[in-house]
Amino acid sequence: TDQLQNPKSLVHRRSDAEVWQRIHVLGKEKETLLRDMHALIAEFKTTFREPPAYMVLHRITPGQHIYVRWRSYGRKSSFITPSSASAPEFFRPLEPHTQSVIADFWRRSLDLNLAFALRHLEWTRLRQYLEDIDALSKISRMRPKLSENQMQ
């Protein structure tokens, strides 16, 4: 609640150097998560010889949002999500054990997607924050100085 009443505390009164350090940490975490996404896709490919669907790494540019997505064979234009209308028809014909294994892979991909998205959002917003602080500083230096008479 204190942070909501005092917007300055939302940035935790960090110096620019500390914000850049956080951006660096987030970048490293994003790299690790990206490796984990690739590893999950590789693990899925080795787990199933003839999978009912396949996993792909999907990048949305220019912001470089990256997600693990699921596609059905024969439906290249659409992704399958657990909440999509096609999810039950995708799962229904699978053996119970296969359903369980697929659900585990799906859950892990959702977890990685969320972890990456949260770090990417913070990374993006902190970079924008520093860019805006820098621009504000430049604008402030351009203001004409007030004379003693104008300040009274």
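Reader: How many aromatic pairs does a search of the whole structure find?

Author: The search finds seven aromatic pairs. Rings of Phe, Tyr and Trp (its six-membered ring) are paired if their centres lie within 6.5 Å; planes under 30 degrees apart count as stacked, over 60 as edge-to-face, and the rest as tilted. Please note that this is a predicted model, in which local features need pLDDT of at least 70 and side-chain atom pairs count only at pLDDT 80 or more, while totals for chains, interfaces and linings use all residues. Residues are numbered from 1 along each chain as its sequence is written, and side-chain values use heavy atoms, with hydrogens and water left out.

Reader: What geometry do phenylalanine 44 and phenylalanine 105 have?

Author: Phenylalanine 44 and phenylalanine 105 are edge-to-face, at 5.1 Å centre to centre with 85 degrees between the planes. Phenylalanine 44 belongs to helix 2 (residues 16-47) and phenylalanine 105 to helix 4 (residues 96-142), so the pair ties together parts that are 61 residues apart in sequence. Helices here are DSSP runs of H or I with at least four residues, strands are runs of E with at least two, and both are numbered from the N terminus.

Reader: Are those two buried or exposed?

Author: Both phenylalanine 44 and phenylalanine 105 are buried. Buried means under 20% relative accessible area, exposed means over 50%, and partly exposed is in between (1.4 Å probe, protein chains only).

Reader: And phenylalanine 91 with tryptophan 106: stacked or edge-to-face?

Author: That pair is stacked, with 5.7 Å centre to centre and 10 degrees between the planes. Phenylalanine 91 is in helix 3 (residues 87-91) and tryptophan 106 is in helix 4, 15 residues apart, and the pair links distant parts of the chain. Tryptophan 106 is buried, at a relative accessible area of 5%.

Reader: Which residues do ring pairs link into a cluster?

Author: The cluster consists of Phe44, Phe48, Trp70, Phe90, Phe91, Phe105 and Trp106.

Reader: Which ring does arginine 108 lie over?

Author: Arginine 108 lies over the face of phenylalanine 105, at 5.1 Å from the ring centre. Lysine 30 is placed over the face of tryptophan 123, at 3.7 Å from the ring centre. A charge sits over a ring if NZ of Lys or CZ of Arg is within 6 Å of the ring centre and within 35 degrees of the ring normal.

Reader: Turning to charges, which salt bridge does arginine 108 form with glutamate 43, and how far apart are the closest N and O atoms?

Author: Glutamate 43 and arginine 108 form a salt bridge whose closest N and O atoms are 2.6 Å apart. Glutamate 43 lies in helix 2 and arginine 108 in helix 4, so this pair ties together parts that are 65 residues apart in sequence. Both residues are partly exposed, glutamate 43 with a relative accessible area of 33% and arginine 108 at 29% relative accessibility. A salt bridge requires a side-chain nitrogen of Lys or Arg within 4 Å of a carboxyl oxygen of Asp or Glu.

Reader: What network are Glu43 and Arg108 linked in?

Author: Glu43, Asp104 and Arg108 are linked in a network of salt bridges. The search of the whole structure finds seven salt bridges.

Reader: How far apart are the closest N and O atoms of aspartate 134 and lysine 138?

Author: In that salt bridge they are 3.2 Å apart. Aspartate 134 and lysine 138 are four residues apart in helix 4, so they are separated by about one helical turn.

Reader: New topic: what does the side chain of asparagine 113 reach?

Author: The side chain of asparagine 113 reaches the backbone nitrogen of valine 68 at 2.7 Å. Asparagine 113 lies in helix 4 and counts as buried, at 6% relative accessibility. Leaving aside residues up to four places away in sequence, asparagine 113 touches Met37, Tyr67, Val68 and Arg69, where contact means heavy atoms within 4.5 Å.

Reader: Finally, how many helices and strands are there in the protein?

Author: The protein has five helices and two strands, in the order α-α-β-β-α-α-α along the sequence. Buried residues make up 28% of its 152 residues.

Key
A polar contact is a pair of N or O atoms within 3.5 Å; within protein, one must be able to donate a hydrogen and the other to accept it, and residues adjacent in sequence count only if both atoms are side-chain atoms.
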